[in-house]
Amino acid sequence: MTEFELIAHYFTRPVRRAALGVGDDCALLLPAPGMQLAVSSDMLVAGRHFFADVAPERLGHKALAVNLSDLAACGARPLAFTLALALPCVDPAWLAGFARGLLALADSHGCELVGGDTTRGPLNICITVFGELPAGQALLRSGARPGDDIYASGSLGDARLALLALQGHIALPAERLARARQRLELPTPRLALGQALRGIASSAVDLSDGLLGDLAHILRASGVGACIDTRSTSQLMAESARETSASSALDPELLRQCTLAGGDDYELAFTAPPALRAAVAAAAQASATPVARIGAVQAEPGLRLVDAQGQPVVNRYASFDHFQ
């Protein structure tokens with residue numbers, strides 16, 4: 001199978017929303033009047049971002065999901081994406097599974113594959129995604145203000161627990177590992193929540209590298225600091241960690257590490273003024289996405305942790321870094 005036969009067989013579909021899709025030198029996108037394009041790229045590298053034996057259908061899902069999560073953090077609606085794919089060889093069964101997972105998630109969010117590239121090489125997946133949103137309504141990292149509440153969506157830490165178990169560092173019962181592994185390999189981009197937060201959230205970021213590390217991006221961009229209540233963050237603890245029997249309980253410090261700095265969660269962290277707490281609750285309900293208020297933005301720079309009594313907690317939680 002040649003490169004162009006591969007593209008035609010697995011990744012070419014009729015154009016739906018784009019003005020021009022796969023098959024030309026460029027795709028042509030036409031956002032609706034009064035709308036802006038939101039654009040983001042993410043790369044997944046074998047051995048760095050995923051195990052070589054991951055099911056191809058799940059890998060296709062995740063490759064697009066991590067990009068859609070960026071659109072969610074901006075408050076954008078998905079429009080289209082491109083796919084650049086390096087393959088060590090042409091494996092029809094693998095390609096069929098990968099395309100099935102990729103395109104199923106794309107179809108569920110109305111996101112059209114409009115172009116890209118393929119080549120031979122170590123397995124590497126790079127997607128660029130395009131979204132649209134009303135001009136001037138994008139959620140940015142730079143809008144947090146002193147006094148704003150800090151929120152996080154969903155639960156955190158399952159992906160990190162699954163990674164540690166798959167690497168042999170911890171033991172998880174089969175059922176709990178399956179639940180955690182699903183969060184690692186099939187993340188849910190919080191697109192409905194991001195769009196519902198337009199006009200409510202003052203800033204937002206998606207949680208790809210860990211809560212504290214990603215929240216720090218908001219603080220730097222906004223020129224502010226924050227105080228995080230670790231009692232509140234315990235509400236975010238991984239679903240697969242909530243087994244409390246003595247025989248299966250996990251080390252509490254490990255759970256805090258996974259919750260605060262685990263990575264691969266693809267939830268949203270965001271800020272909003274206290275006067276809009278009811279609006280935040282309504283956005284969470286409308287998007288069927290749980291959110292928890294976990295702290296407050298402060299004028300003094302830096303990220304501080306406190307316990308249930310308001311006493312300082314040492315922040316020893318380092319989030320994921322691609323070059324460490």
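**Close-up views of a predicted chain**

**View 1. The whole chain, seen through its surface and its fold.** Residues are numbered from 1 along each chain as its sequence is written, and side-chain values use heavy atoms, with hydrogens and water left out. The chain holds ten helices and eleven strands (DSSP runs numbered from the N terminus: helices are H or I with at least four residues, strands are E with at least two). Of its 324 residues, 49% count as buried (buried is under 20% relative accessible area, exposed is over 50%, partly exposed is in between, with a 1.4 Å probe and protein chains only). The C-alpha trace spans about 65 × 50 × 35 Å along its principal axes.

**View 2. An open sheet of seven strands.** Follow the strands in the order β6-β8-β5-β9-β7-β10-β11, and you will find that the pairing is mixed (two strands pair if DSSP finds at least two bridges between them). β6 (203–207) and β11 (312–313) stand at the edges with a single partner strand each, so one side of each has no neighbour in the sheet.

**View 3. Strand β9 and its partners.** Strand β5 (residues 149–153) runs antiparallel to strand β9 (residues 291–298), with five bridges between them; here Tyr151 stands opposite Arg293 in β9. Strand β7 (residues 225–229) is also antiparallel to β9, joined by four bridges, and Cys227 stands opposite Ala296 in β9. β5 pairs with strand β8 (residues 267–272) too, in the antiparallel sense over four bridges, where Ile150 stands opposite Thr271 in β8.

**View 4. Helix α4 and its cover.** Look here for the buried residues of α4: Asp158, Ala159, Leu161, Ala162, Leu164 and Ala165. Their cover includes α5 and α9 (252–261). After the helix comes Gly168, with a positive phi near 85 degrees.

View 5. Arg183 and Asp158 meet through their side chains in a salt bridge at 3.4 Å, N to O (a side-chain nitrogen of Lys or Arg within 4 Å of a carboxyl oxygen of Asp or Glu). Arg183 lies in helix α5 (residues 174–185) and Asp158 in helix α4 (residues 158–166), so the pair ties together parts that are 25 residues apart in sequence. Asp158 is buried, at 1% relative accessibility. Both residues belong to a network of salt bridges that links Asp158, Arg183, Arg190 and Glu267.

**View 6. Two further salt bridges.** Within helix α5, Glu175 and Arg179 are four residues apart, about one helical turn, and their side chains form a salt bridge of 3.4 Å, N to O. Glu175 is exposed at 59% relative accessibility, whereas Arg179 is partly exposed at 37%. Elsewhere, Arg231 forms a salt bridge with Asp229, with the closest N and O atoms 3.6 Å apart. Arg231 is partly exposed, at 48% relative accessible area, while Asp229 is buried at 16%. Over the whole structure, a search finds twelve salt bridges.

Terms used. Predicted model: local features only at pLDDT ≥ 70, side-chain atom pairs only at ≥ 80, totals over all residues. Contact = heavy atoms within 4.5 Å.
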